[in-house]
Amino acid sequence: FSVYSAGKTFSVTGWKIGWVIAPPALISRIVHVQQWQVFCVNTPLQAAVAECLTRASEPFEGFASYYEHLAFAYDQRRRKLLDSLYEAKLQPMVPQGAFFIMASTRELSDRVSAEFPQRLRELVSEGSVEVDPATEHRRDYNLSRNLILSAGIAAVPPSAFYSEKNKALADDFLRFAFCKSL
(Lines give C-alpha, C1' and ligand atoms only; values in the text may rest on other atoms or scores of the structure.)
Protein backbone atom coordinates (compact mmCIF):
# COMPACT_ATOMS: atom_id res chain seq x y z
CA PHE A 1 0.00 0.00 0.00
CA SER A 2 1.05 3.64 -0.35
CA VAL A 3 0.62 6.67 1.91
CA TYR A 4 0.74 10.17 0.40
CA SER A 5 0.92 13.68 1.79
CA ALA A 6 -0.24 16.86 0.08
CA GLY A 7 2.29 18.74 2.19
CA LYS A 8 5.17 16.82 0.61
CA THR A 9 3.74 16.31 -2.88
CA PHE A 10 2.55 19.88 -3.45
CA SER A 11 4.88 21.77 -1.08
CA VAL A 12 2.06 22.93 1.18
CA THR A 13 3.62 22.20 4.54
CA GLY A 14 1.10 22.47 7.33
CA TRP A 15 -1.98 21.47 5.36
CA LYS A 16 -1.89 18.00 6.96
CA ILE A 17 -3.92 16.33 4.24
CA GLY A 18 -3.03 12.88 3.03
CA TRP A 19 -4.43 9.78 1.45
CA VAL A 20 -3.80 6.07 1.25
CA ILE A 21 -4.02 3.66 -1.66
CA ALA A 22 -4.41 0.09 -0.48
CA PRO A 23 -6.42 -3.12 -0.95
CA PRO A 24 -10.02 -2.93 0.35
CA ALA A 25 -9.34 -5.16 3.38
CA LEU A 26 -6.58 -2.84 4.55
CA ILE A 27 -8.59 0.32 3.78
CA SER A 28 -11.42 -0.86 6.05
CA ARG A 29 -8.95 -1.15 8.94
CA ILE A 30 -7.40 2.23 8.15
CA VAL A 31 -10.85 3.84 8.19
CA HIS A 32 -11.41 2.54 11.73
CA VAL A 33 -8.18 4.14 12.91
CA GLN A 34 -8.68 7.30 10.87
CA GLN A 35 -12.01 8.15 12.47
CA TRP A 36 -10.25 8.55 15.84
CA GLN A 37 -7.04 10.16 14.61
CA VAL A 38 -7.99 12.83 12.07
CA PHE A 39 -9.98 15.94 12.76
CA CYS A 40 -10.39 19.50 11.53
CA VAL A 41 -9.28 19.11 7.91
CA ASN A 42 -11.12 22.11 6.53
CA THR A 43 -13.19 21.94 3.37
CA PRO A 44 -11.38 24.67 1.36
CA LEU A 45 -8.04 22.85 1.77
CA GLN A 46 -9.63 19.55 0.78
CA ALA A 47 -11.02 21.23 -2.35
CA ALA A 48 -7.61 22.76 -3.11
CA VAL A 49 -5.86 19.39 -2.82
CA ALA A 50 -8.52 17.80 -5.06
CA GLU A 51 -7.79 20.52 -7.65
CA CYS A 52 -4.03 19.91 -7.32
CA LEU A 53 -4.55 16.20 -7.86
CA THR A 54 -6.69 16.90 -10.92
CA ARG A 55 -4.15 19.28 -12.48
CA ALA A 56 -1.00 17.38 -11.49
CA SER A 57 -1.28 15.06 -14.50
CA GLU A 58 -1.32 18.01 -16.93
CA PRO A 59 1.83 19.48 -18.53
CA PHE A 60 3.82 21.59 -16.06
CA GLU A 61 6.82 23.87 -16.67
CA GLY A 62 8.09 21.96 -19.68
CA PHE A 63 7.41 18.51 -18.24
CA ALA A 64 4.64 16.08 -19.19
CA SER A 65 3.17 16.45 -15.68
CA TYR A 66 3.75 18.07 -12.31
CA TYR A 67 4.86 14.66 -11.03
CA GLU A 68 7.63 14.45 -13.65
CA HIS A 69 8.72 17.98 -12.72
CA LEU A 70 8.73 17.04 -9.03
CA ALA A 71 10.75 13.86 -9.62
CA PHE A 72 13.28 15.81 -11.70
CA ALA A 73 13.59 18.55 -9.07
CA TYR A 74 14.09 16.03 -6.25
CA ASP A 75 16.68 14.15 -8.30
CA GLN A 76 18.61 17.38 -8.92
CA ARG A 77 18.53 18.26 -5.20
CA ARG A 78 19.54 14.72 -4.24
CA ARG A 79 22.51 14.79 -6.61
CA LYS A 80 23.63 18.21 -5.38
CA LEU A 81 23.44 17.19 -1.73
CA LEU A 82 25.20 13.88 -2.41
CA ASP A 83 28.00 15.72 -4.21
CA SER A 84 28.35 18.11 -1.27
CA LEU A 85 28.46 15.28 1.25
CA TYR A 86 31.09 13.40 -0.76
CA GLU A 87 33.10 16.62 -1.07
CA ALA A 88 32.92 17.05 2.72
CA LYS A 89 34.36 13.52 3.08
CA LEU A 90 31.14 12.16 4.55
CA GLN A 91 29.90 8.75 3.45
CA PRO A 92 26.27 9.12 2.36
CA MET A 93 23.85 6.26 1.89
CA VAL A 94 22.18 6.97 -1.45
CA PRO A 95 18.38 7.01 -1.02
CA GLN A 96 16.15 5.40 -3.58
CA GLY A 97 12.83 6.90 -2.58
CA ALA A 98 13.11 9.33 0.31
CA PHE A 99 14.20 12.95 0.49
CA PHE A 100 16.59 12.34 3.34
CA ILE A 101 20.20 11.19 3.12
CA MET A 102 21.88 9.43 6.02
CA ALA A 103 25.61 10.04 6.09
CA SER A 104 28.39 8.58 8.18
CA THR A 105 30.17 11.22 10.25
CA ARG A 106 33.16 9.11 11.29
CA GLU A 107 35.48 11.32 9.18
CA LEU A 108 33.97 14.56 10.49
CA SER A 109 35.27 14.59 14.06
CA ASP A 110 38.61 16.14 13.14
CA ARG A 111 36.76 19.16 11.66
CA VAL A 112 33.60 19.50 13.74
CA SER A 113 33.42 19.05 17.48
CA ALA A 114 31.25 16.31 18.94
CA GLU A 115 31.21 18.12 22.30
CA PHE A 116 28.26 20.17 23.55
CA PRO A 117 28.83 23.68 22.10
CA GLN A 118 29.92 26.35 24.58
CA ARG A 119 27.78 28.97 22.80
CA LEU A 120 24.71 26.80 23.24
CA ARG A 121 25.57 26.29 26.91
CA GLU A 122 25.62 30.10 27.27
CA LEU A 123 22.23 30.44 25.55
CA VAL A 124 20.78 27.77 27.86
CA SER A 125 22.11 29.54 30.97
CA GLU A 126 20.61 32.85 29.71
CA GLY A 127 17.26 31.11 29.33
CA SER A 128 17.22 31.86 25.58
CA VAL A 129 16.90 28.20 24.56
CA GLU A 130 16.06 24.89 26.15
CA VAL A 131 17.96 21.68 25.54
CA ASP A 132 16.86 18.20 26.52
CA PRO A 133 19.55 17.17 29.02
CA ALA A 134 19.38 13.61 27.70
CA THR A 135 20.87 14.85 24.41
CA GLU A 136 23.79 16.89 25.79
CA HIS A 137 26.21 13.98 25.49
CA ARG A 138 24.85 12.45 22.30
CA ARG A 139 27.45 12.60 19.54
CA ASP A 140 24.93 12.96 16.70
CA TYR A 141 23.11 15.81 18.48
CA ASN A 142 26.34 17.67 19.21
CA LEU A 143 27.66 17.29 15.67
CA SER A 144 24.35 18.66 14.43
CA ARG A 145 24.47 21.58 16.87
CA ASN A 146 28.07 22.40 15.98
CA LEU A 147 27.37 22.25 12.24
CA ILE A 148 24.56 24.77 12.71
CA LEU A 149 26.70 27.11 14.80
CA SER A 150 29.88 26.85 12.72
CA ALA A 151 28.64 26.44 9.16
CA GLY A 152 24.90 27.20 9.12
CA ILE A 153 24.17 23.63 8.03
CA ALA A 154 21.26 21.88 9.72
CA ALA A 155 21.15 18.11 9.99
CA VAL A 156 18.83 15.92 12.02
CA PRO A 157 20.39 13.72 14.71
CA PRO A 158 19.00 10.30 13.81
CA SER A 159 19.08 8.96 17.38
CA ALA A 160 15.85 10.95 17.84
CA PHE A 161 14.15 8.14 15.90
CA TYR A 162 15.74 5.25 17.84
CA SER A 163 14.58 3.47 20.96
CA GLU A 164 16.60 4.23 24.09
CA LYS A 165 18.52 0.97 23.97
CA ASN A 166 19.49 1.51 20.30
CA LYS A 167 20.37 5.23 20.27
CA ALA A 168 24.11 4.47 20.20
CA LEU A 169 23.64 2.94 16.73
CA ALA A 170 23.09 6.48 15.43
CA ASP A 171 26.18 8.05 17.00
CA ASP A 172 28.16 8.13 13.76
CA PHE A 173 25.39 9.40 11.46
CA LEU A 174 23.47 12.54 10.56
CA ARG A 175 20.30 12.86 8.49
CA PHE A 176 20.25 15.55 5.78
CA ALA A 177 17.12 16.65 3.91
CA PHE A 178 16.79 17.77 0.32
CA CYS A 179 13.04 18.41 0.28
CA LYS A 180 13.57 22.18 0.22
CA SER A 181 15.49 24.13 -2.40
CA LEU A 182 19.25 23.90 -1.94
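Glu122 and Arg119 sit 3 residues apart in helix α5, which puts about one helical turn between them. Helices here are DSSP runs of H or I with at least four residues, strands are runs of E with at least two, and both are numbered from the N terminus. The two side chains form a salt bridge, with the closest N and O atoms 3.3 Å apart. By salt bridge I mean a side-chain nitrogen of Lys or Arg within 4 Å of a carboxyl oxygen of Asp or Glu. Glu122 is partly exposed at 32% relative accessible area, and Arg119 is partly exposed at 41%. The classes are buried for under 20% relative accessible area, exposed for over 50%, and partly exposed in between, using a 1.4 Å probe and protein chains only.

A word on the source. This is a predicted model, where local features need pLDDT of at least 70, side-chain atom pairs count only at pLDDT 80 or more, and totals for chains, interfaces and linings use all residues. Residues are numbered from 1 along each chain as its sequence is written, and side-chain values use heavy atoms, leaving out hydrogens and water.

Back to the charges. The structure holds 9 salt bridges. One of them joins the side chains of Arg79 and Asp75, at 2.7 Å from N to O. These residues are 4 apart in helix α4, so about one helical turn separates them. In general, an α-helix has 3.6 residues a turn, so residues three or four places apart point the same way. Arg79 counts as partly exposed because its relative accessibility is 48%. Asp75 and Arg79 also belong to a network of salt bridges that takes in Arg78.

Which parts does the pair Arg106 and Asp172 tie together? Arg106 forms a salt bridge with Asp172, the closest N and O atoms being 3.5 Å apart. Arg106 lies in the loop between β4 and α5, and Asp172 in the loop between α6 and β5, so the pair ties together parts that are 66 residues apart in sequence. Both ends are partly exposed: Arg106 has a relative accessible area of 47%, and Asp172 has 24%.

Now the strands. β4 covers residues 100-104 and runs antiparallel to β5, with 5 bridges joining the two; the criterion for pairing is at least two bridges found by DSSP. Within that pairing, Ile101 stands opposite Phe176 of β5. Strand β5, residues 173-177, is mostly covered, with 4 of its 5 residues buried.

Phe176 comes up again in the core. The largest nonpolar core has 24 residues, and Leu85 and Phe176 have the most contacts inside it. Two or more residues come from each of α4 (66-87), β4, α6 (139-151) and β5, and α4 gives the most, with 6. A nonpolar core is a set of buried Ala, Val, Leu, Ile, Met, Phe, Trp, Tyr and Cys residues joined through side-chain atoms within 4.5 Å. Leaving aside residues up to four places away in sequence, Leu85 touches Leu90, Pro92, Ile101, Ala103 and Phe176, where contact means heavy atoms within 4.5 Å.

Last, helix α6. Its 13 residues reach 17 Å from first C-alpha to last, close to the 18 Å expected at 1.5 Å a residue; the expected span is 1.5 Å times one less than the number of residues. Buried residues in α6 include Arg139, Asp140, Leu143 and Leu147. The cover over the buried residues of α6 includes α5 (118-126) and β5. Just after α6, Gly152 takes a positive phi of about 70 degrees.
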